[in-house]
Amino acid sequence: MDGASWRFTNCGVRCVGGVGVMCVRRAEASFDSCEIGGVGPGSERASDGVVAMHDSSCALQECVVEHNCNVAVLAHAGSSEGTITNSTLKDNFIGCGVDDASSLTVCLSSMHHNLHGAVYIGHNAHEAEVELTENTVVGTLWVGPKDSLKTLVEEKNTLLRAPEGSQEPEPQGLELRLESQGLGSEGLGSEVQGLGSEAQGLGVRHQSQGLGSE
């Protein structure tokens, strides 16, 4: 989605190995009662569910984002915005994330069976803002330096321990790269070494879509 406003209701957006939804260059996208992500677990996963970059925004209401090798919902690259309400992020490497001067708001939502954690904070997130309100998180909540955030609001969240053996192994055979998003070895590269070479970086190469790192 390149610019303009987009609205999706009761839709399924599924793919294998790629990004389900990419919002760029001030695009504004909203999703209501949608299912986004991979076709299934294992080798049928997508790389990322919804990515907002280049000052774009995405808003999810009553959605399910699942089966992603990397991040279910990511806002970064400029002042992008991600808003998640009454939704479920499950069976991903990471539930959601923010970097640069972007913002992430998650409320009344459930994040569980996310292998590495629920919320990723990028290493350039010094101007980023995060609000988590009345969510249920199973497993690890934070991934990355949350103390570096410009603004952090946490209210009435429920944190539960993940049952032992509840996480399924990371899928094999998907080549994942994200140089254009600036989340390579400076991002999660050092944190995913135990998952095999297919999980180095954080995402897929978006250069084929004409999206450089600008």
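The questions and answers below go through a predicted model of one protein chain.

Q: Which strands form the open sheet, and in what order?
A: Seven strands take part, in the order β1-β4-β7-β9-β11-β14-β17. Their pairing is parallel. From one strand to the next, the twist averages 5°.

Q: Why are β1 and β17 called edge strands?
A: Each of them pairs on one side only. β1 covers 5–9 and β17 covers 151–155.

Q: How do you know that strand β9 and strand β11 pair?
A: Pairing needs at least two bridges. Strand β9 (residues 81–85) and strand β11 (residues 103–107) have five bridges, so they count as paired. The sense is parallel. Within this pair, E81 stands opposite S103 in β11.

Q: What makes β3 and strand β6 a pair?
A: The same cut-off of at least two bridges applies. β3 and strand β6 (residues 48–52) have four, so they pair. This pairing is parallel too. V19 faces D48 of β6 across it.

Q: Why is strand β3 described as largely enclosed by the rest of the structure?
A: Strand β3 spans residues 19–23, and four of its five residues are buried. It is therefore largely enclosed.

Q: Why is M22 called buried?
A: Buried means under 20% relative accessible area. M22 has 8% relative accessibility, so it counts as buried. M22 is found in strand β3. M22 and G49 are 27 residues apart in sequence, yet their C-alpha atoms are 8.4 Å apart in space.

Q: Why does I121 count as buried?
A: The limit is again under 20%. I121 is at 0% relative accessibility, so it counts as buried. I121 lies in strand β13 (residues 117–121).

Q: What does I121 touch, leaving out residues up to four places away in sequence?
A: Its contacts are V98, V130, W142, V143, G144, P145, K146, S148 and L149. S148 and I121 are 27 residues apart in sequence, with 8.6 Å between their C-alpha atoms.

Q: Which residues of the largest nonpolar core touch the most other members?
A: I36, L60, V73, C96 and V119 do, out of 34 residues. C96 touches V71, V73, I84, L89, L104, V106, M111, A118, V119 and Y120, with residues up to four places away in sequence not counted. Another core lies apart from the largest one. That other core has 12 residues, including M22, V24, M53 and I94.

Q: Why do nonpolar side chains tend to be found together?
A: In soluble globular proteins, such side chains tend to be buried together.

Q: How much of the chain is buried?
A: Buried residues make up 51% of the 214 residues. The chain exposes about 9000 Å², and carbon and sulfur atoms supply 46% of that area.

Q: What share of the contacts with a separation of 6 or more comes from residues 24 or more positions apart?
A: They account for 56% of those contacts in the chain.

Q: How confident is the predictor, and where does pLDDT stay under 50?
A: The chain has a mean pLDDT of 83, on a scale from 0 to 100. Of its residues, 77% reach 70 or more. Over residues 168–214, pLDDT stays under 50. For that stretch, the model has 107 contacts beyond four places in sequence.

Technical notes
Residues numbered from 1 in each chain as written. Predicted model: local features only at pLDDT ≥ 70, side-chain atom pairs only at ≥ 80, totals over all residues. Heavy atoms only, no water. Helix = DSSP H or I, 4+ residues; strand = E, 2+ residues; numbered from the N terminus. Axes fitted to C-alpha atoms, helices over the stretch in contact; angles between N-to-C directions. Core = buried A, V, L, I, M, F, W, Y, C linked by side-chain atoms within 4.5 Å. Buried < 20%, exposed > 50% of the residue type's maximum accessible area, 1.4 Å probe, protein only. Contact = heavy atoms within 4.5 Å. Areas by Shrake-Rupley, 256 points an atom, 1.4 Å probe, with all protein chains shown as cover.
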